[in-house]
Amino acid sequence: MKNIGIVAAVEMDAVKTLYGDAKEKKVCGGFDVFVYEKADVRLYVLHSGPGEISAASAAQVLISECHCELIANFGVVGGLSEAMNHVNVAVVEKVVHYQFDTSEVDHCEVGLYLNEYPTIYMPATKELVDKALEVEPDLVRVTCASGDKFVGLAEEKKEIAEKFKADICEMEAAGIVKTANRNQVPCILIKMVADSIHGGTDEYWKMLESSSLKCLKVLDHIIDAL
């Protein structure tokens, strides 16, 4: 039976709605982990809470303690352009940690992990991205700007989009992708825009529940097809 780890930051209501009661609940590395079984797959859904540090720790716990062979993440994000409105479900192709900055001392671009990646962009697993698009052709392939701040203002969203050539922004992807890459474990991230470029906290709270569930259903369909 294949073990798949799912990092859920703030979208646990969607997990309970889609999967119901867990077969088992345990605590690993200080995180609550909910175990589900379906067909020949065992799902370890870890409630990480928001932020890069928690997300990176969560991914490592799923790999090291739950022995997951694939790391997945789903969740709501902010749209950084007019095109990325609240109906877009996306698969993340690459991530930039836009708040990581050693440029003053290393004389490099903001977002670059020097000696780890050749550019500022950290890739998700290409084979999984391609498979996701095969299974769900309506998915939008995106670049994700990831940092430790909720971005609600349109002006700030536009600035991030222009500087980092990104389509969406959120708070966990960089930690997850970097940890998965370092462990040489494949990863896939499915995201849905909750707050559009002109939206903010009000739109986020309005769309959180429905967007999370739709996003998880897409991820679940992809997992079934793996």
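I placed Gln184 in the loop between helix 6 (173-182) and strand 10 (187-195); helices (H or I, at least four residues) and strands (E, at least two) are DSSP runs, numbered from the N terminus. Its phi is near 55°, a positive value in a residue other than glycine.

I record here that this is a predicted model, in which local features need pLDDT of at least 70 and side-chain atom pairs count only at pLDDT 80 or more, while totals for chains, interfaces and linings use all residues. Residues are numbered from 1 along each chain as its sequence is written, and side-chain values use heavy atoms, with hydrogens and water left out.

I then turned to His67, which is not a glycine but has a positive phi of about 55°. I found His67 in the loop between helix 2 (52-64) and strand 5 (70-79). His67 counts as exposed, at 55% relative accessibility.

I checked how strand 2 (residues 24-28) and strand 3 (residues 31-38) are joined: they pair in the antiparallel sense over five bridges (two strands pair if DSSP finds at least two bridges between them). Val27 has Asp32 of strand 3 as its bridge partner. The two strands form a hairpin with two residues between them, and Gly29 in the turn has a positive phi of about 60°.

**Strand 6**

I asked which strands pair with strand 6, and took them one at a time. Seven bridges join strand 6 to strand 8 (residues 140-146), and these two run parallel. I noted Ser146 in strand 8 as the bridge partner of His97. With strand 10, strand 6 pairs in the antiparallel sense over three bridges; there the bridge partner of Val89 is Met192. Strand 7 is joined to strand 6 by two bridges and runs antiparallel to it, with Lys94 opposite Pro123 in strand 7.

Is strand 6 largely enclosed or open? Seven of its nine residues are buried, so strand 6 is largely enclosed by the rest of the structure.

I returned to Lys94 for its side chain. Lys94 lies over the face of Tyr121, at 4.6 Å from the ring centre; a charge sits over a ring if NZ of Lys or CZ of Arg is within 6 Å of the ring centre and within 35 degrees of the ring normal.

**Aromatic pairs**

I searched the whole structure for aromatic pairs and found five. Rings of Phe, Tyr and Trp (its six-membered ring) pair if their centres lie within 6.5 Å; planes under 30 degrees apart count as stacked, over 60 as edge-to-face and the rest as tilted.

Phe100 and Tyr113 form a stacked pair, at 3.9 Å centre to centre with 10° between the planes. This pair links distant parts of the chain, 13 residues apart: Phe100 is in the loop between strand 6 (89-97) and helix 3 (103-106), and Tyr113 is in the loop between helix 3 and strand 7 (122-123). I noted Phe100 as partly exposed, with a relative accessible area of 23%, and Tyr113 as buried at 12% relative accessibility.

Why is the pair of Tyr204 and Trp205 edge-to-face? The ring centres are 5.1 Å apart and the planes stand at 75°, so the pair takes that label. Tyr204 is buried, with a relative accessible area of 13%, whereas Trp205 counts as exposed at 60%. I also noted that Phe150, Tyr204 and Trp205 form one aromatic cluster.

**Helix 7**

I looked up the span of helix 7 (residues 201-225). Its 25 residues reach 35 Å from the first C-alpha to the last, close to the 36 Å expected at 1.5 Å a residue; the expected span is 1.5 Å times one less than the number of residues. Helix 7 bends by about 55° at Leu208, the bend being the angle between axes fitted to the seven residues ending there and the seven starting there.

**Glu156**

My last entry concerns Glu156, found in helix 5 (residues 154-164). Glu156 is partly exposed, with a relative accessible area of 22%. Leaving aside neighbours within four places in sequence, I found Glu156 in contact with Lys149 and Val151 (contact means heavy atoms within 4.5 Å). The C-alpha atoms of Glu156 and Ile197 are separated by 9.4 Å, and these residues are 41 residues apart along the chain.

Technical notes. Buried means under 20% relative accessible area, exposed over 50%, partly exposed in between (1.4 Å probe, protein chains only).
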